[in-house]
Amino acid sequence: MKARAGLTRSIYGNLISGFFLIAMGIFIAFPLYYSIINAFKPVSELFLFPPRFVVYHPTLDNFVGIVRVYSNSLVPIERYIFNTVFVSIVQTLIYMLLASMAAYPLAKKNFPAKNIIYYGIVFAIMFTADVTALPRYIMLAKMGLINTYWALILPTLGGSFGVFLMMQFMSTIPDTILEAARIDGAGEKYIFFKIVLPAVKPAVMTLFILTFVSAWNSAAGNLIYSEELKLLPTAISQINAGGIMRAGISAAASVIMMIPPIISFLVSQSSVMETMAHSGIKD
Amino acid sequence: MEKKQSFLSKYGNDYFFLGPWLLCFLVFIVIPIIASLLLSFTNFDMVQTPKVIGIDNYLRLLLNDDIFVTSLMNTLLFAMVSGPVGYILSFVYGWLINDLGRAARTVLTFLFYTPSLVGGSYLIWTYLFSNDAYGILNSFLLSNGFIDSPIQWLTDPEYNFTVVVIVMLWGGMGTGFLSFVAGFQGLNKAYFEAAAIDGIRNRWQELWYITLPQMGPQLLIGAVLSISSAFSVGAVPAALTGNPSTDYSTHTLLLHIQDYSGSRLELGYASAVAVILFVIMITAWVGLRKLLSSISGD
């Protein structure tokens, strides 16, 4: 890494690249910073003119406020949290397995209908989900799944983007490695789990982040009508509906919602960076 | 029987791997899409039994729906700016980040991706562009004497389109960016060392001759994502500039679809708009794929 950097990297180029990285970093970080500090502002500092970019008297009142808002609600906040955690984890694990499995033959094999499936995958990514919501609802209703966790989980398992992502990455694995394994007597399941998946670990982790984040942020919509099965974003939007009186509390709630996606991201990224340094599988 | 046996032994494994996902895909994605395609030729409005009306929906949106034309133009304009710019920025920043040490790389990847990591993060921008004097931008301009009264950033058609574009670019380092980062990490280091010895002098030559040709699969992922997100602008303008916005200044095809499917319950008509949007995206994809195969050479 360092050796090649020395040969092809000039100091001026490094300065230019550093400038662009810092400029973009500030542009992206500033609004995030402002919304995070708002969560720690007492009411007296939330609506100052001109707005302040530091907190003079940081407080955790807003976080305590979330608990207070939900202290005498119909469904305790813990239940919404459980629902979202459960649905996100189950959905993420199953989808990662199904999408990676489906991507393997699409990337590395030839079989009838392969091209049709490929175009189906791309076309499905491009079709607006809003108009397919009703037909999908009818399918789920016919199966008797409305108002169950499965109504949230099952449709996402058919998502085609994850398959497309895995397929593109798997296509870079050299056929010779797979052929060699087959000659040595390895079965397809062995090849998939022991050779293909480790070779595309960055993609697996990208798929993990994507699936988990979209599951974590999704609200149940009209698929769930029992309050005790609803998801955390629904509860948060109820807090936000309190308007300006709850500006601080809703900022605190948003900060809490950010934590699990951030942890999932950091954990997956660090594991990717470790493995890639030693992987010699690409030709 | 004999033929079926050999078919199974030949392709059985492939369909075993594909099967579970394919089943969910067909039931929950493909069938609803076909249903909606068919509905676009009916007057389905959730109340009456749907009646086949041929291409009437399509004629209506082309000839009798000024808002459709406005939202079509807005969508194309949004897509032409945020699509290519977002795509190129994602690639370039993924590439710049890849040169950094491990700690800096992790931190910056994280920072750039955060807007996509946090649901509804674009709402933060209402603090900045708020119409009243408490908005950060307005209060800055007011206290420094640049303006006398707050500018209506979010509702004035003169400004709100630009505001939406800025916010879209802010959140543009999404999944495409992440798959670029993952792709750069997977590149074979030996190629770069060999190239440096063989006379590649600077990072630009390296990018063009060594990196780009290896990034074909990721470029295609980024392309599909840029197209599908650039043409599906809707959530950002709806949240920031109101829905509908002043004089439909930031109305898009997606919002038009949501208006007809969600509020007016004219699902047949909404499906027709969705089909038009789909055709536009596929056209863009076919074009972009041609362009990419000439760059990455596969």
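User: How much area do chain A and chain B bury between them?

Analyst: Of the area that chain A and chain B bury between them, 76% is on carbon and sulfur atoms. This is a predicted model: local features need pLDDT of at least 70, side-chain atom pairs count only at pLDDT 80 or more, and totals for chains, interfaces and linings use all residues. Residues are numbered from 1 along each chain as its sequence is written, chains are lettered from A and ligands numbered from 1 in the order in which they are written, and side-chain values use heavy atoms, leaving out hydrogens and water. Taken as the accessible area (1.4 Å probe) that the two parts lose on being put together, summed over both, the buried area is about 8900 Å².

User: Which helix gives the largest share of the side of chain A that touches chain B?

Analyst: Counting heavy atoms within 4.5 Å as contact, 97 residues of chain A and 100 residues of chain B take part. Helices are DSSP runs (H or I, at least four residues), numbered from the N terminus, and the largest share, 16 residues, comes from helix α2 (residues 11–38) of chain A.

User: Which parts of chain A does the pair of A:Lys108 and A:Asp175 tie together?

Analyst: Their side chains meet in a salt bridge, 3.0 Å from N to O. A:Lys108 is buried at 16% relative accessible area, where buried means under 20%, exposed over 50% and partly exposed in between (1.4 Å probe, protein chains only), whereas A:Asp175 is partly exposed at 48%. Because one residue lies in each helix, the pair ties together parts 67 residues apart in sequence: helix α5 (residues 77–108) and helix α10 (residues 175–183) of chain A.

User: Are A:Glu188 and A:Lys109 buried or exposed?

Analyst: These two form a salt bridge, with the closest N and O atoms 3.2 Å apart. The pair links distant parts of the chain, 79 residues apart, with A:Glu188 in helix α11 (residues 188–199) and A:Lys109 in the loop between α5 and α6 (114–126) of chain A. In accessibility, A:Glu188 and A:Lys109 are both buried.

User: How far apart in sequence are the parts tied together by B:Glu266 and B:Arg60?

Analyst: The side chains of B:Glu266 and B:Arg60 meet in a salt bridge of 3.1 Å, N to O. B:Glu266 is partly exposed at 25% relative accessibility, and B:Arg60 is partly exposed too, at 30%. Because B:Glu266 lies in the loop between α13 (253–263) and α14 (267–296) of chain B and B:Arg60 in helix α2 (residues 56–63) of chain B, the parts they tie together are apart by 206 residues.

User: Within what arc do the buried residues of α9(B) fall?

Analyst: In helix α9 (residues 189–197) of chain B, the buried residues are B:Phe192, B:Ala195 and B:Ala196. An α-helix has 3.6 residues a turn, so residues three or four places apart point the same way. The arc is that of the directions from the helix axis to the C-beta atoms. Seen down that axis, the buried residues line one face of α9(B), because they fall within an arc of 100 degrees.

Note on methods. Helix = DSSP H or I, 4+ residues; strand = E, 2+ residues; numbered from the N terminus. Salt bridge = Lys/Arg side-chain N within 4 Å of Asp/Glu carboxyl O.
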